[in-house]
Amino acid sequence: MKGVRGMSWAVVKVVAGFAAAALASPALSETRYDAATRVFRLDGGGVTYAFGVSTTGVLKSIYWGPRLASSDTLAVPVLDDISTTDPASSIDAQEFASWGGAIYTEPAFKIAWPDGVRDAVLRYRSFKPEGDGLAIELADTRRPIRVTLHYTIDTATGVVGRWATISNDGSTPIRIDQAFSAAWSLPVAHDYRLHYLTGQWAAEWMLQERPITPGSTVIESRRGITSHQASPWFAIDRAGLSGEESGPVWFGALGWSGSWRISIDQNPRGDIRVTGGLNPFDFSLRLQPRQSLDTPVFYGGYSDGGMGGASRLLHRFELARVLPGRPEPPLRPVLYDSWEATGFAVDATKQIALAERAARVGVERFVMDDGWFGQRNSDRAGLGDWVVNDQKFPHGLAPLINRVHELGMDFGLWVEPEMVSPDSDLYRAHPDWVLGMAGRQRTEERHQLVLNLARTDVRDHVYKALDDLLNQNSIQFLKWDNNRDWAEAGWPELAPEDQQAVYVKYIRNLYWIIDQLRTHHPGLEIESCAGGGGRVDLGVLQRTDEVWTSDNTDPFDRLTIQDGFTHAFTPAVMMAWVTDSPNWANNRSTSLRYRFLSAMQGGLGVGADLGKWTDAEMAEAGRYVSAYKQVRRTVQRGDLYRLVSPRAGSERSATFYVARDRQQAVLFTFLHSSTKFDKQPAITVRGLDPAARYRVRAIDRPAVAANPVQSGAYWMANGIDIPLTGDFQADARIFEVAK
Ligand code: DGJ
């Protein structure tokens, strides 16, 4: 986020007129304040974001969209009451509306004082530069509560980051009932469409689309975890103007792994406001004098390149600004995971046999899944007892780990640190360590309860258990699982008015544990898994390197799952395994080729029972793994074009990944089923250098197109024929600039 702002603040800090600080280059970001109009303006990438202070001190949104000229002037809108039931105070596009005065729309902020006063009227007080961005201070007109709004803008992508700090400057506690991170406003229009992701276990990331009409759409999780059912991401485009590769798209994503809410509201006039952050449902937090609460970051971006352009921006932002190792996170190694092969029946002999087979096909990281610890012979026992099961591993993990290392692979281990089985030594010793309410049933899911990580003693215990495990064994990777949502989210040891803070304190402690582990075990990588894709958001992605996308490993179902996923998250973190056929999820049989090409569109893994694969299958798998290694940088770091959607009801789907330097690209095509004998149209690709000449070859076959070398312009205009017939057929082509 370096730009001219850093050096020009002194110059532009309080200048009259934007023109005084001309942009050096549109690639730079800049934050400016015009004292004459009281307008703040952030420019980054192709985006301008502006807001300002009204004459009465209200902080109002002004503009969010394509980057404006440096010389453009912006003014704070002045709005009169429309009627007594539509006062300006409720219609104004506020940056952070508090519930107080006449406001009937979704507030970002709602509080209560011990004397019953619940009215809060926030007015602008001051601003200051902060890091690469800006901090704006608002305060209540009568009582000592302060809200600091933080803003950043990313130089490359124009993605704006916003969060709030709520500070109690008084001498009595204040109850916070609602504390969102930000409100985003869009100009009046009547053809907005909302896109969002819903799902369920083994069927995550289903893209939904609906027109935005007056009223509210709420997407949320009340589950204490990000959830399979909804993802904290939204995109809004214009029905008349936007498509996959063109037109305006505004999008946003929350950096929070607990209960969250995003509310998309349109008033009858057509104004849109998107408010989001911590879910106020069942939440409250008592803020003591001199304490403050930071809300999660709500990121927002704009693209005029359609949904494809929006997701490419977000992918770039995640890679450069969010993921561990940013701005150049390490590439995902090819992984093997034992879950589908052995279930809970892990032991040293079986795991070593699998590791030897995995190494033969070119796997780089061997992960032993569930079953290695405590009395974990099924999902009924053992969680919480993170000690090696000495019947399964009489000599500890060392023989397995050493063999994995000898074979040239990293060693990874499955853990589910936030959980406890009632049948475990941990639970027998500390039955009070779980979420629950006094005298009430504690609902078990998968025979497990949720440890109350919000408690410092529980947090420290979990940290120590993991730290010991990592100190005692040479482990390079943890698969961090979480197989249930919360229920009865009580914290009975605290006063009733403090218990509902669990929604924030738990997640902060979860982040603390992961951050500490990473600090004390540099080089450790972590996968975020929650029974598949139940915990994927920009908060957890700041501290985990990849995610387990879904327990559904069927390669055809995965096409739709992966298509939805990539709307919000980079394929660089999207793990997919090649497993056995027929697939456990739906009994569908597919070829090894189809399974590999489906899984190669993200981070490749293998999860099959390799002991059952024939020599021919092992050799074929080895060829795919080695082909993947030739294109993985392009897949994981390149630009993704979703050329033909698997959702569109077409027989085919296709994705295209173009390396940043445009020297290589890879086209994956899938034929779901042939129902007629029609010739399929050529696939026109995108994003190549039109002037460069690209040679195209099949990823796994000698056969090539009749004229394999053509210009980028040719492949993008004329396209490429991918003749596929039959059911569940797949093809991949590599485009390389001809030397
Ligand atoms: C759910 C995960 O998504 C699976 O991959 C596997 O790790 C199981 N849990 C193990 O219990």
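The side chains of R223 and D485 meet in a salt bridge, with 2.7 Å from N to O. The model in which this pair is found is a predicted one. Between domain 1 and domain 2 the count of salt bridges is three, while a search of the whole structure finds 53.

The domain assignment divides the protein into domain 1 (16-322), domain 2 (368-390 + 410-546) and domain 3 (643-737). The C-alpha centres of domain 1 and domain 2 are 32 Å apart. Domain 1 brings 32 residues to the contact, and domain 2 brings 26 residues.

The size of an interface is often stated as the accessible area that is lost when the parts come together. For domain 1 and domain 2 the buried area is about 2600 Å². Carbon and sulfur atoms give 54% of that area. Which three residues supply more than any other three of the area that domain 1 buries against domain 2? They are I225, W256 and R286, and they supply 23% of it.

Polar contacts also link the two domains: 18 residue pairs, both members at pLDDT 80 or more, are counted between domain 1 and domain 2. On the side of domain 1 that touches domain 2, six elements each supply at least two residues: the strands β12 (203-211), β14 (230-238), β15 (249-255), β18 (285-287) and β19 (292-294), and the helix α3 (306-322). β15 gives the most, with three residues. Sorted by class, this side of domain 1 holds 14 nonpolar, twelve polar and six charged residues.

**Around the ligand**

There are 14 residues around the ligand. Among them, D369, D370, K479, D481 and D551 come nearest.

| Residue | Part of the residue | Ligand atom | Distance |
|---|---|---|---|
| D369 | side chain | oxygen | 2.7 Å |
| D481 | side chain | nitrogen | 2.7 Å |
| G532 | backbone | oxygen | 3.0 Å |

For G532, a polar atom of the backbone is involved.

**A salt bridge within a helix**

Another salt bridge joins K464 and D468, whose closest N and O atoms are 2.9 Å apart. Where do K464 and D468 lie? Both are in helix α8 (residues 456-472), and four residues, about one turn of the helix, separate them.

**Backbone exceptions**

Most peptide bonds are trans, and most residues other than glycine have a negative phi.

The peptide bond from R326 to P327 is cis, with omega near 10°. P327 is in the loop that runs between α3 and β21 (335-337). Helix α3, at one end of this loop, is also among the elements that supply residues to the side of domain 1 touching domain 2.

A cis peptide bond also joins S581 and P582, with an omega of about 0°. P582 sits in the loop between β29 (574-578) and α12 (592-599).

W205 is not a glycine, yet its phi is positive, at about 65°. W205 is located in strand β12, and β12 too supplies at least two residues to the side of domain 1 that touches domain 2.

Technical notes: Residues numbered from 1 in each chain as written. Predicted model: local features only at pLDDT ≥ 70, side-chain atom pairs only at ≥ 80, totals over all residues. Heavy atoms only, no water. Domains from an automatic or database assignment. Contact = heavy atoms within 4.5 Å. Buried area = accessible area lost by both parts, 1.4 Å probe. Salt bridge = Lys/Arg side-chain N within 4 Å of Asp/Glu carboxyl O. Polar contact = N/O pair within 3.5 Å; in protein donor to acceptor, adjacent residues only side chain to side chain. Nonpolar A, V, L, I, M, F, W, Y, C, P; charged D, E, K, R; others polar. Near = heavy atom within 4 Å.
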